[in-house]
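I am opening my notebook on this protein today, and I want to write down what I look up, one entry at a time.

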Amino acid sequence: MGGVAHETDQVWSATVDHLRAMIDSGELPPGSRLPAERALCEQLGISRGSLRQALRVLDSIGYVQIRAGSGTYVREQGTEESPLSSWFSEHEQLVEKLFDLRATVEPTLAERLARQHTPRVVQRLADNVAEMEEAAANGDMLRVIATDAEFHRVIAGNAGSDDVADLLRSVLALVGEERRAALRLPGQIRKAVAEHRAILEAISRSDAAAAREITLKHLLDAKTYAHDYASS
């Protein structure tokens, strides 16, 4: 089962690269609407599930915007004209609220997943951490951001289907600019990879208390670092 999951992950990951290339080349210009799901699936030779996963990742890293009832559109790829510290100063309240929301919910789900998980889920998280590490080593910032988003989404998607898990999935859907900015802070990628690995190890050894504690520290440290960076 683990092999099938890994193969599925490779399909959506390759789809992300393919669509990024189409956008970067201008084949899909800024502001344009992507073809219908069925047409894209046929063109790329993939399932709707893999396509939707790839589009969620592209949305989280700022390549496309998914508009409910309207379709998926290519975002304008602006330059990062404002310094990072200015961005955090301007959006400090939003960033703090998002981190606070996540810190309220995510540690509980990590704890729950540590108590009850499958080898398939642990393998998905392990593959994700390895991919994030490789992306960081290669300087592929967009893939770092995408794998960061996916790590937290896998936890949210496999820790139960109650109101708490639903709340986190809704919050993660809002986390876009915050994630892109936070991971550009000096040293933050290396720290995030190490902490994701620690969360993975706690979950895999069914250490619920450690999974909760490390996840909470991971989020609170990121919030504090962002605040300090904006203030410095």
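I began with contacts between residues at least 6 apart in sequence, and I found that 73% of them join residues at least 24 apart. I noted beside this that the model is a predicted one.

Next I looked up the elements, and I listed eleven helices and two strands, which follow one another along the sequence as α-α-α-β-β-α-α-α-α-α-α-α-α.

For the surface, I wrote down an accessible area of about 11400 Å², with 52% of it belonging to carbon and sulfur atoms, and I noted that 46% of the 232 residues count as buried.

I then turned to the largest nonpolar core, which has 21 residues, and I marked L109, L113, L125, F151, I155, I203 and A211 as the members that touch the most other members. I saw that α5, α6, α7, α10 and α11 each supply at least two residues of this core, and that α5 gives the largest share, with five residues.

My last entry is on G62, which I located in the loop between α3 and β1. Is G62 buried or exposed? I put G62 down as buried because its relative accessible area is 10%, and buried means under 20%. I also noted that the C-alpha atoms of G62 and R75 are separated by 6.9 Å, although these residues are 13 residues apart along the chain.

Terms used
Residues are numbered from 1 along each chain as its sequence is written. This is a predicted model: local features need pLDDT of at least 70, side-chain atom pairs count only at pLDDT 80 or more; totals for chains, interfaces and linings use all residues. Side-chain values use heavy atoms; hydrogens and water are left out. Helices (H or I, at least four residues) and strands (E, at least two) are DSSP runs, numbered from the N terminus. Buried means under 20% relative accessible area, exposed over 50%, partly exposed in between (1.4 Å probe, protein chains only). A nonpolar core is a set of buried Ala, Val, Leu, Ile, Met, Phe, Trp, Tyr and Cys residues joined through side-chain atoms within 4.5 Å. Contact means heavy atoms within 4.5 Å. Accessible areas come from the Shrake-Rupley method with a 1.4 Å probe; for residues, only the protein chains shown count as cover.
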